[in-house]
Amino acid sequence: MTASRLLQQRLPDGTRRVLLAEDIATVLAGVTTTRELATQAIAERVSLLDAARARRSDETVDLAAALAAGTLLPAIDHPDTARLMLAGTGLTHLGSAAGRDAMHKAAAAGTQTDSMRLFLEGMEGGRPAPGQVGAQPEWFYKGDGQSLVAPGAPLVSPSFAQDGGEEPELAGIYLIGDDGTPFRLGIALANEFSDHVIERHNYLWLAHSKLRQASLGAELLLGEPPADIQGTSRIERDGETLWEKPFLTGEANMSHTLANLEHHHFKYASFRRPGDIHVHFFGTATLSCADGVQTQAGDVFSIQAAPFTLPLRNPLALAEAAPVQVTAL
């Protein structure tokens, strides 16, 4: 049996439904969003997969056709975009420090960079024993649900950006329960779109470089995440492959455990507000910018990785300038 995945679909008439994909994809009865299903699973004290299987109908869906038609939504969303947080951690993968260290080495005048020091701390203490607290990772904020982009939709780079680059990653998807407990619903493929040129200029601009849109794949992979996930990140230009590289993710390829990353995010009480959704990007070691690629409008980012069955594809677009003037009252 293939991996169990949940998907959200919006039909042309605006109605929504949830799909459970195993050997085939079937429509679930009685729920219209993954968040609604998760809320019911928590109340029933069953797993998300068991809750989905209990609602499975006889209606089937061709996922490839649904993706081509543009009806598949991100793996999670929230009706109030302010109640969905996009955040993440960096320097979490084996080899992830190499590109970052090279990016910042010139500014460090030959000394060990902050990036390398943080990476080595993760290598030493990012996989703590059960019950222990491990090394604190790098953390960043990307935005709220307004910045979440569906599969196939453009990733729009702001007019003031100096770069628009892909970051192929896994994202953990969480719902905060009524008692403040973070429930991991599953993981999804993600493109944690960032501005690496701004980051390269000065590491203190990392926060600025991350305030960009991000794309989330349609499939929410249920159950315990695989330890070793291998995929391919690709950039296409004018129908041809401009750049392509394999990427590795999952705990077997990381310097931190997921539990350690989750602890250091949810230890903040303000991140445990009941009803909120969190999309947490776990980092990557593979970036086209590290190979000197300069993206341009019209390029298409494509990320694939088993056991996900659908690619995450998004074209790059550039926003028009939108000057902002503050008015005093």
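Trainee: Where is the place of P307?
Mentor: P307 sits in the loop between β16 (300-305) and β17 (312-318). Helices (H or I, at least four residues) and strands (E, at least two) are DSSP runs, numbered from the N terminus.

Trainee: And the peptide bond from A306 to P307, cis or trans?
Mentor: Cis, with omega near 10 degrees. Before you go on, some ground rules. This is a predicted model, where local features need pLDDT of at least 70, side-chain atom pairs count only at pLDDT 80 or more, and totals for chains, interfaces and linings use all residues. Residues are numbered from 1 along each chain as its sequence is written, and side-chain values use heavy atoms, with hydrogens and water left out.

Trainee: Okay. How is the protein divided?
Mentor: Into domain 1 (1-73) and domain 2 (78-318). The bounds come from an automatic or database domain assignment. Their C-alpha centres lie 25 Å apart.

Trainee: How many residues are in contact between domain 1 and domain 2?
Mentor: 18 residues of domain 1 touch 19 of domain 2. Contact means heavy atoms within 4.5 Å.

Trainee: What area is buried there?
Mentor: About 1,500 Å² between domain 1 and domain 2, with 76% of that from carbon and sulfur atoms. Buried area is the accessible area (1.4 Å probe) that two parts lose on being put together, summed over both.

Trainee: Which residues of domain 1 lose the most area?
Mentor: R5, R35 and I42. Together they make up 36% of what the domain 1 side buries.

Trainee: What about salt bridges between domain 1 and domain 2, how many?
Mentor: One. The side chains of E219 and R5 form a salt bridge at 2.7 Å, N to O. The rule asks for a side-chain nitrogen of Lys or Arg within 4 Å of a carboxyl oxygen of Asp or Glu.

Trainee: Which elements give two or more residues to the domain 1 side?
Mentor: β1 (5-10), α1 (34-44), α2 (48-54) and α3 (63-69). Of these, α1 gives the most, with five residues.

Trainee: Leaving the interface now. How many salt bridges does the structure hold?
Mentor: 18. One of them joins R17 and E59, at 2.9 Å, N to O. R17 is in strand β2 (residues 16-21) and E59 in strand β4 (residues 56-61), 42 residues apart.

Trainee: And aromatic pairs, how many?
Mentor: Four. The rings of W139 and F271 have centres 5.8 Å apart and planes at 20 degrees, so they count as stacked. Rings of Phe, Tyr and Trp (its six-membered ring) pair if their centres lie within 6.5 Å; planes under 30 degrees apart are stacked, over 60 edge-to-face, the rest tilted.

Trainee: Last one. What is phi of R45?
Mentor: Near 60 degrees, a positive value in a residue other than glycine. R45 lies in the loop between α1 and α2.
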